[in-house]
Amino acid sequence: MKKSEDHLSRDPDVLFTRMHPDYARRRDVWKKSRDAYSGGSGYLEAALIRHVSEIELEFSERRRRAYYFNYPRSIARQITQSVLGTEPVRRNADAELVEDWSRSGLRATGVMRQLSTMLSVYGKAYLLVESPRFEGEVSLRRAAEERLRPYVRTLSALDVTDWAYGADGKLLWALISEEAVDHSDPFSSEVRRERMRLLERDRWRVFERTASGCREVGGGVNPIGEVPLVSVEEIDGFGMDANHWFEDVVRISEAILNNESESQMNIVKQMFGMLVVSDSFARGARKLAAGNSAAGFAATVARSAAIIESVEEKGISRYIGPSGVASEVIRQENLQLKQELYDVVGLAVQGRGRENRTAESKEWDFRHVDWFLAERAAQLEEAEISAWKMIHRFDRGIPVPEIAYNREFAVRDLQKTISGLLQLSQLSGDAAYRRAVRNAAVELLGGVAAMPSGEKEELASPGENQGEKK
């Protein structure tokens, strides 16, 4: 470890160029996924494909007219909203930290929402635990006024450019790409500086690239003895080094984008047909324009120009346009692609021909989605617990809460189910019967709001705790 640290200290310029092999391999895909999630005119420029029979004039118009149905963002947000639709239980958590976990106004659930969305887009993301720098003694009043406490923020897969693990299986160091923006002077333009933050087990340092080279601009002691970074990677591929599923989402979405763009142009062409003129008219127009540099006759075969026919090809001037059938075929293809898009992700809960499907196959679709979301909930829960443990190591006065994320997403017709349970509870029966009804109600409640296991047991067996004799 010492040899690695000495090398980094001697040659800090290397920090701005080095990349982990996994980062280098996946960086371009991550950028494309990020751009697809963001959308906007820049993404349209990059994603639209010019087909072989399209001239630049037509392609330019198609780019200006294009619009984007952002399915990648819709899918990523749908997953996050489903997983965190129910607030996680954080028993014994510091209330102030829960309400502002990022020290910038984001609640703990808000930070975890960011992490979940990043996991969908990149397949990998991080939680960084930090503590503000301060000097001198810190009283309780000063700590409260200056908010001198640990905090958590998310980092995307593109932010952490390199890392290494030690023999103990934990991070030895990690390198974070940052950009410092000085916008404090209203009379001067903002100044942007490229920086790299090196996190090590016993310290952290910040290096800044300047015109004359690279210099260290900050640093301090890391008091917790480990790199304060929680790495979270979606379990996809199961050790096969597979690409992340969001890459396929982006490609299908781009196919829909290009099809939709072509369909739109077909509609425009139907509204504004292409002029067809006779060859004799075209020759006369060229002669007329020969002595006038400001005039000319377009002979390019395109929607915006004219097609020239010889006398043998009727020689009748007219407008032509594509048939409406072509546009309808494209629309049907896009509907098929949208179905396949959600099938690929595993979010489609109703397949084609659903009226002929059995109840078992429909329930299997629901379960498929439930398992997908439950796996994501388990990852988020584990990551948040790890972050709270790091916070506790920064400040021993902050307890590690008991955290429980909702794992049940298969609640069907909640009102009808509750009504049935209430009716069952009114029927006469022995203690075992009433206990069975109560347990079913507790399980149903657990599907609506996550509960720690201890609270669930207490609700399920109140008679044992209170000496129930009824």
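A cavity is, on a 1 Å grid over the protein atoms alone, a set of points where a 1.4 Å probe fits but cannot get out, and its lining residues have an atom within 4 Å of a point; grid points are joined across faces, edges and corners, and a volume is the space filled by probe spheres set on the points. The model is predicted, so that local features need pLDDT of at least 70 and side-chain atom pairs count only at pLDDT 80 or more, while totals for chains, interfaces and linings use all residues. Residues are numbered from 1 along each chain as its sequence is written, and side-chain values use heavy atoms, with hydrogens and water left out.

**View 1. The second largest cavity and its lining.** Lys124, Tyr126, Val160, Trp163, Tyr165, Leu171, Leu229 and Ser231 line the second largest cavity, with β4 giving the largest share, three residues (strands are DSSP runs of E, at least two residues, numbered from the N terminus).

**View 2. The largest nonpolar core.**

**View 3. Surroundings of Leu127.** Leaving aside neighbours within four places in sequence, Leu127 is in contact (heavy atoms within 4.5 Å) with residues including Met112, Val152, Leu229 and Ala387.

Key
Core = buried A, V, L, I, M, F, W, Y, C linked by side-chain atoms within 4.5 Å. Buried < 20%, exposed > 50% of the residue type's maximum accessible area, 1.4 Å probe, protein only. 1 Å grid on protein atoms, 1.4 Å probe; cavity = no way out; pocket = protein on both sides within 12 Å on 5 of 7 lines; lining within 4 Å. Helix = DSSP H or I, 4+ residues; strand = E, 2+ residues; numbered from the N terminus.
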